[in-house]
Amino acid sequence: MIDAPLRVVPLAGAHDRGAFDSGSEPLDRYFRIQVTQDIRRRVTACFVALTAEEQIAGYYTLASASVQLADLSAAKAKKLPRYPSVPAVRMGRLAVDQVFRGQGLGGALLADALTRAARSEIAAYALLVEAKDRAAECFYCHHGFIALPESPMTLFVPLATIDSTPLV
Ligand SMILES: CC(C)(COP(=O)(O)OP(=O)(O)OC[C@H]1O[C@@H](n2cnc3c(N)ncnc32)[C@H](O)[C@@H]1OP(=O)(O)O)[C@@H](O)C(=O)NCCC(=O)NCCS
């Protein structure tokens, strides 16, 4: 149960990842075993939602990416410069511990990722996600993500549509 506001902070060595259980084995294994190495190599950044007792309730990862203009709808592509691709931010993984499911945390982490990407000094056209299954695809559509016409499991939100006013 979420009974007090959670904090979203960069993952740090002191955080206990061992008990995290989203019910998705690949997402849990990545978080327990691989993520710190990826952070050290600067191929991903990871943010965690912490309870007042410092329990990890959810996490997401962000990294640089790009979108091919040819993969966007004609309506979206015609509003962009005629480069082969435009910069983007990829939310590679998103998971909420099963204990904290269905209480708005997944949506709050998505909002946090969008705001973080939109307020970055490094420009990016969109936040991109890869839905791992149909349920994840529905979750992202529910939150206003748009599917790429030819790859419906890849979805994005243009960052110009996000209010980038700092959260604090
Ligand atoms: C997907 C996941 C992150 C959602 O987290 P959550 O905290 O349970 O979701 P929330 O409580 O924030 O749900 C927010 C909203 O999304 C909706 N929603 C949640 N799952 C949904 C789904 N599969 N389809 C449509 N809408 C969905 C909720 O109804 C809620 O709507 P509301 O704000 O209008 O009330 C979580 O279930 C999870 O970790 N799943 C396993 C890993 C995974 O699938 N990750 C997705 C990345 S590929």
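**Group meeting talk: cysteines, a ligand shell and a helix**

Let me start with cysteine 46. At 4% relative accessibility, this residue counts as buried. Buried means under 20% relative accessible area, exposed means over 50%, and partly exposed lies in between, with a 1.4 Å probe and protein chains only.

A word on the source. This is a predicted model, where local features need pLDDT of at least 70, side-chain atom pairs count only at pLDDT 80 or more, and totals for chains, interfaces and linings use all residues. Residues are numbered from 1 along each chain as its sequence is written, and side-chain values use heavy atoms, leaving out hydrogens and water.

Back to cysteines. Cysteine 138 is partly exposed, at 38% relative accessibility. Which cysteine sulfur is closest to the sulfur of cysteine 138? That of cysteine 141, at 6.5 Å, which is too far for a bond. A disulfide here is a pair of cysteine sulfur atoms within 2.5 Å. By this rule, the count is 0 disulfides.

Now the ligand. Its shell holds 20 residues, and Val96, Gly102, Gly104, Gly106 and Gly107 come nearest. Near means that a heavy atom of the residue lies within 4 Å. The shell divides into 10 nonpolar, 7 polar and 3 charged residues. Ala, Val, Leu, Ile, Met, Phe, Trp, Tyr, Cys and Pro count as nonpolar, Asp, Glu, Lys and Arg as charged, and the others, Gly among them, as polar.

Where do shell residues come from? Strand E5 (94-96), helix H3 (105-118) and helix H4 (134-142) each supply at least two. H4 gives the largest share, 6 residues. Helices (H or I, at least four residues) and strands (E, at least two) are DSSP runs, numbered from the N terminus.

Next, distances to ligand oxygen atoms. A backbone N or O atom of glycine 104 lies 2.7 Å from one. For a polar backbone atom of glycine 102, the distance is 2.8 Å. For a side-chain N or O atom of histidine 143, it is 3.3 Å.

On to H3. Of its 14 residues, 10 are buried, so H3 is largely enclosed by the rest of the structure. Among the buried ones are Leu105, Gly106 and Leu109.

Last, two loop residues. Arginine 42 sits between helix H1 (25-40) and strand E2 (45-50). Arginine 42 has a positive phi of about 60°, yet is not a glycine. At 77% relative accessibility, arginine 42 is exposed. Glutamate 54 lies in the loop between E2 and strand E3 (56-68). Its phi is also positive, about 70°.

Methods. Polar contact = N/O pair within 3.5 Å; in protein donor to acceptor, adjacent residues only side chain to side chain.
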